[in-house]
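Here is a friendly walk through one protein fold. Please have the sequence and the model side by side as you read.

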Amino acid sequence: LARLRPGDPVLLTVERLNTLTFTVFCGLRVPPAADALSEVSSLRPELKLPLASPKKKEKYHRGRQLQHPCWRDITRVEAEALLRSGEWADAIIRPSSAPNMVTITFLLYTLVHSDTPVFCHFDFGEVEQGDARVWVTGEGRHEFADLDHAIARYVRRFQELAAQLTAHRYFEFKTPDQIYEQLEELHRADPSRIHYRLIGEDRGAAKAPRFSLYFIDPNAGTRIQSMPISLCFEGLSLMSIKSGSVHKGPHRSVDQLVDHFKLFYREFKRKHQNNHARSQRW
């Protein structure tokens, strides 16, 4: 036990079973490489645990070690597996592939229709600021006194925005194809309105998670269109709108974002109609 520190992985080996009293006798030891998932995978290959390749693991295990309750010396794949298993529910601080950085991995939300968890991975670096040291985000736009502050303010903010989106009355846990069918049905029932729905999209481990606003335009050639929604610390943004427009965002709430989408679309249609009218006169 003298070798154990808070957050260290350990390996329990079943040594004896007593089926009459439902008792399990286990042996406890600290894995030499501090890699519990690899140990279990070698003993129980039928579990098919998602482990990173040796090259990627070596890349991810560079850099500093932290004394923090949320610190785990594991890879991205292993962090997602730990969160997916339900054994750890809080954010995970782990080594980053970028030099002099750490990564905070956390569960953003779950796609209910496919039972798919969607994860976020944010890099943070420690820098000197006068006599103090602070933690800044990977792009350097936000700074925090420590990693607890970063989790409480930055990570929780993204989780709050995702919770707002998934709780909205027009959010659907459906695939884009299912949304197409739903919008077509709504259009047939009321062709005068511009119907819209919000969905979440799982784009795989290599890309950041994204939400989208799908809408059907009764006057457009391509009737069903989509606008990606970006999450940032300041709020929600409509990515298809040019920078500088007040309708782009960031918006502090989903209702505000939807209101600006409607205003933007009305202005867009008005300009399109005016341009069409001028071309007809010529």
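**Overview**

Please keep in mind that this is a predicted model. The protein has six helices and 11 strands. Of its 282 residues, 37% count as buried. Among contacts between residues at least 6 apart in sequence, 39% join residues at least 24 apart.

**The five-stranded sheet**

Let us begin with an open sheet of five strands, in the order S3-S4-S5-S6-S7, with antiparallel pairing. Its edges are strand S3 (92-95) and strand S7 (143-144), each of which pairs on one side only. S3 and S4 run antiparallel and are joined by four bridges. Across from Ile 92 you will find Thr 105 in S4.

Two helices lie across this sheet. Helix H3 (residues 76-85) lies across S3, S4 and S5 and runs at about 125 degrees to S5. H4 lies across S3, S4, S5, strand S6 (132-137) and S7, at about 20 degrees to S4.

H3 is mostly covered, with seven of its 10 residues buried. The buried residues of H3 are Arg 76, Glu 78, Ala 79, Glu 80, Ala 81, Leu 82 and Leu 83. Just after H3, Gly 86 takes a positive phi of about 85 degrees.

The loop that leads from helix H2 (54-60) to H3 holds Gln 65. Is Gln 65 buried or partly exposed? Gln 65 has a relative accessible area of 45%, so it counts as partly exposed. Beyond its neighbours within four places in sequence, Gln 65 is in contact with Trp 71 and Asp 73. The C-alpha atoms of Gln 65 and Val 102 are separated by 9.3 Å, although these residues are 37 places apart along the chain.

**The four-stranded sheet**

A further open sheet has four strands in the order S8-S9-S10-S11, with antiparallel pairing. Here strand S8 (196-201) and strand S11 (235-238) are the edge strands, and each pairs on one side only. On average, neighbouring strands of this sheet are turned by 30 degrees against each other, direction ignored.

Helix H4 (residues 147-167) packs on this sheet too, touching S8, S9, S10 and S11. The direction of H4 makes about 150 degrees with that of S10.

Inside the sheet, strand S9 (residues 210-216) pairs with strand S10 (residues 224-232) over six bridges. Four bridges link S10 to S11, and these two strands form a hairpin with two residues between them.

| Residue | Opposite residue and its strand |
|---|---|
| Ile 92 | Thr 105 in S4 |
| Ser 212 | Pro 228 in S10 |
| Cys 232 | Gly 235 in S11 |

**Helix H5 and its two faces**

Helix H5 (residues 176-189) has 14 residues and reaches 20 Å from its first C-alpha to its last, close to the 20 Å expected at 1.5 Å a residue. Which residues of H5 are buried? They are Ile 179, Gln 182, Leu 183 and His 187. Seen down the axis of H5, the buried residues fall within an arc of 140 degrees, so they line one face of the helix. An α-helix has 3.6 residues a turn, so residues three or four places apart point the same way.

The buried residues of H5 pack against S8, S9 and S10. The face turned away from them carries the exposed residues Asp 177, Glu 181, Arg 188 and Ala 189.

**The core**

In soluble globular proteins, nonpolar side chains tend to be buried together. In this model, the largest nonpolar core has 45 residues. Those with the most contacts inside it are Ile 93, Ile 104, Phe 106, Phe 124, Phe 211, Leu 213 and Ile 229. The elements that give two or more residues to this core are strand S4 (102-111), strand S5 (116-129), H4, S8, S9, S10, S11 and helix H6 (254-281). H4 provides the largest share, nine residues.

Leaving aside neighbours within four places in sequence, the contacts of Ile 104 include Ile 93, Phe 124, Leu 147, Ala 150, Ile 151 and Val 155. Also in contact with Ile 104 are Ala 91, Ile 92, Cys 120, His 121 and Phe 122.

Notes
Residues are numbered from 1 along each chain as its sequence is written. This is a predicted model: local features need pLDDT of at least 70, side-chain atom pairs count only at pLDDT 80 or more; totals for chains, interfaces and linings use all residues. Side-chain values use heavy atoms; hydrogens and water are left out. Two strands pair if DSSP finds at least two bridges between them. Axes are lines fitted to C-alpha atoms, for helices over the stretch in contact, and angles run from 0 to 180 degrees between N-to-C directions. Contact means heavy atoms within 4.5 Å. The expected span of a helix is 1.5 Å times one less than its number of residues. Buried means under 20% relative accessible area, exposed over 50%, partly exposed in between (1.4 Å probe, protein chains only). The arc is that of the directions from the helix axis to the C-beta atoms. A nonpolar core is a set of buried Ala, Val, Leu, Ile, Met, Phe, Trp, Tyr and Cys residues joined through side-chain atoms within 4.5 Å.
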